[in-house]
Amino acid sequence: MLAIDSLAKHFPNGVIALNDVDLAIDQSEIVSLVGTSGCGKSTLLRILSGLESASHGRVAIDGEAVSGPHPEIGMVFQEARLMPWLTVADNVRFALKDEDKATQDRKIADVLAKVGLADFAQAYPRQLSGGMAQRVAIARALVRRPSILLLDEPFSALDSFTRLQLQEHLLELWREERFTMVFVTHDVEEAVALSDRIVVMRGNPGHIHAEFSLDLPRPRKRTDADFQHWKEKITQSLDLS
Amino acid sequence: MTAEVYNRETEAAAPDRAVASARPSRVLSSLSGTKGLIVPAVLVAGWSTLSWAGVFAPNLVPGPAAVLAEISSLWASGDLTSHIGVTLTRVFFGFIAGTLAATLLGALTGYSRTARELLDPTLQALKAVPSLAWVPLFILWFGIFEASKVTLIAVGVFFPIYLNLVEGIQGVDRKLVEVARLNRFSRLDLVRRVLLPATLPSYVVGLRAGLALGWMFVIAAELMGASEGLGYLMIDGQMTGRPAVIVASLILFAIAGKLTDALLAGAARPFLAWQDGFGDMKGASHARNR
Ligand SMILES: Nc1ncnc2c1ncn2[C@@H]1O[C@H](COP(=O)(O)OP(=O)(O)OP(=O)(O)O)[C@@H](O)[C@H]1O
Ligand SMILES: [Mg+2]
């Protein structure tokens, strides 16, 4: 379980990006963070990932406080952040260590097959489309089989068709691996399609405004009345913020 | 093509130093393609025709035939080989010394903030001294022999490499560094697996600009007092009123500069294939075939 207790973040320039954030996320739960630009979603995710430290409060995984990057956590950003000088396989290798080369190679081949890029192991990032690059980033985040996957607007730079594909793909991976997911997005439909729970945040200073547990069965159909109903509801909550 | 890209970057990276050095090497680098040979061929033909028609005074502008004859007679006497050898040796040692110093200091100030705050202002101030102004001091310290010449060349080589390296390290994408941090890289691994490869392109730009300046400074050093070397040969041609010797030396400088630059670029190319698109053709068809 991922526990966030009275978390606050004050930047040196005086900006209070987060104030008193409490959130408990269950094993294998999918939680989306939505909210206006600048309300602290990325900051929250960066603290969870260990890239940024909290000013107050704490983050704990299964009761153990997290300080700094943690092997049980994988992260995907809006940009793929691949090393342009490395092949796809070697980019994925970035997340592996303390194993012999053969074990690494096997894990890399496995995870690339899972994201549908088995044939591109030896390609370079410049040869990939945006969607493929993002799948490599997902593979790199998952190759260690982390129990928690953090995603900060991972699909927002992609065209809508590719975005749909990758959402479905991510859900497939989740069904197999059952990692906990914290997903930042601006796309309400994306949040409703993926999440067990949607957390609406507001800014100045960043805090949690509302939480919605979605009782929608999976797989979800975007045309269902219930789906549309949730979309409406979340959008309203966002508009008021 | 590749060289052009580099040189344009060099100008952006170290404008004051690079402009002078980038122009000749850009012109020269285009010589390597067959198309690049067209313009020089036309020029030589024009030069030849005009000389033959008597438009130029032969005692000021020698014809290509006279220059060629001069080169072959210098070659036959063995003088040419020894002059070229001496100049090459000076450039070589000056380049190595300048590169070593620039790499050490650049890596230090690029990576460590403390070192940057301590050293960089001083180095930037030294950069502002026109490099030839060092000459009297170097002669005083090292005498008029090899050491002062090599030091002068090293100073010329130093700055473009240092500046490009520091800028390269500073410019490494913070987002990529975060990926290394997320994966709990050690400092050494961060340097080895992220900073080094990410910095390499701008380092190579620096090396090539440095080499070009090395050639510029060897001439300066040899013009100011030498008994051997291509620069000396030029002065000798001037003193003895033999313009063919001067033009021959110019051409030899151009060829030597171009060849050493091509050597450097060729040595760097395998490490930069990911960046300059050298492997693009193969890669793209690989991707398409799937
Ligand atoms: N390194 C930093 N230094 C100072 N202020 C920062 C820093 N990073 C973020 N902030 C500020 O903190 C606030 C929250 O930023 P954050 O990036 O978390 O927002 P966000 O919700 O992710 O926005 P968006 O939806 O646009 O991505 C903003 O006001 C931002 O200006
Ligand atoms: Mg953000």
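## A patch, a helix and some strands

On the surface, B:Ile38, B:Val39, B:Val42 and B:Leu43 make up a nonpolar patch, with about 400 Å² of accessible area together. Keep in mind that this is a predicted model.

Let's stay with B:Val39 for a moment. It sits in helix H3 of chain B, residues 38–52. B:Val39 counts as exposed because its relative accessible area is 54%, and the cut-off is over 50%. The helix H3(B) itself has 15 residues and spans 21 Å from first C-alpha to last, close to the 21 Å expected. After H3(B) comes B:Gly54, with a positive phi near 80 degrees.

Now for chain A, where A:Leu33 lies in strand E3, residues 30–35. Is A:Leu33 buried or exposed? It is buried, because its relative accessibility is 0% and the limit is under 20%. Beyond its neighbours within four places in sequence, A:Leu33 touches residues including A:Leu23, A:Leu45, A:Phe183 and A:Val199. A:Arg197 is 164 residues away from A:Leu33 in sequence, yet their C-alphas are 8.9 Å apart.

Strand E7 of chain A (residues 148–152) is mostly covered, with five of its five residues buried. A:Ile148, A:Leu150 and A:Asp152 point one way from E7(A), while A:Leu149 and A:Leu151 point the other way. Here is how E7(A) pairs up:

| Partner of E7(A) | Sense | Bridges |
|---|---|---|
| E6(A), residues 73–76 | parallel | four bridges |
| E8(A), residues 180–184 | parallel | five bridges |

Across these pairings, A:Leu150 in E7(A) faces A:Met75, and A:Leu149 stands opposite A:Met181 in E8(A).

Definitions and conventions: Residues are numbered from 1 along each chain as its sequence is written. Chains are lettered from A and ligands numbered from 1 in the order in which they are written. This is a predicted model: local features need pLDDT of at least 70, side-chain atom pairs count only at pLDDT 80 or more; totals for chains, interfaces and linings use all residues. Side-chain values use heavy atoms; hydrogens and water are left out. Helices (H or I, at least four residues) and strands (E, at least two) are DSSP runs, numbered from the N terminus. Buried means under 20% relative accessible area, exposed over 50%, partly exposed in between (1.4 Å probe, protein chains only). Contact means heavy atoms within 4.5 Å. Patches are made of residues with over 30% relative accessible area and no salt bridge: like charges are joined within 9 Å, nonpolar side chains (Val, Leu, Ile, Met, Phe, Trp, Tyr) within 5 Å. Accessible areas come from the Shrake-Rupley method with a 1.4 Å probe; for residues, only the protein chains shown count as cover. A salt bridge is a side-chain nitrogen of Lys or Arg within 4 Å of a carboxyl oxygen of Asp or Glu. The expected span of a helix is 1.5 Å times one less than its number of residues. Two strands pair if DSSP finds at least two bridges between them.
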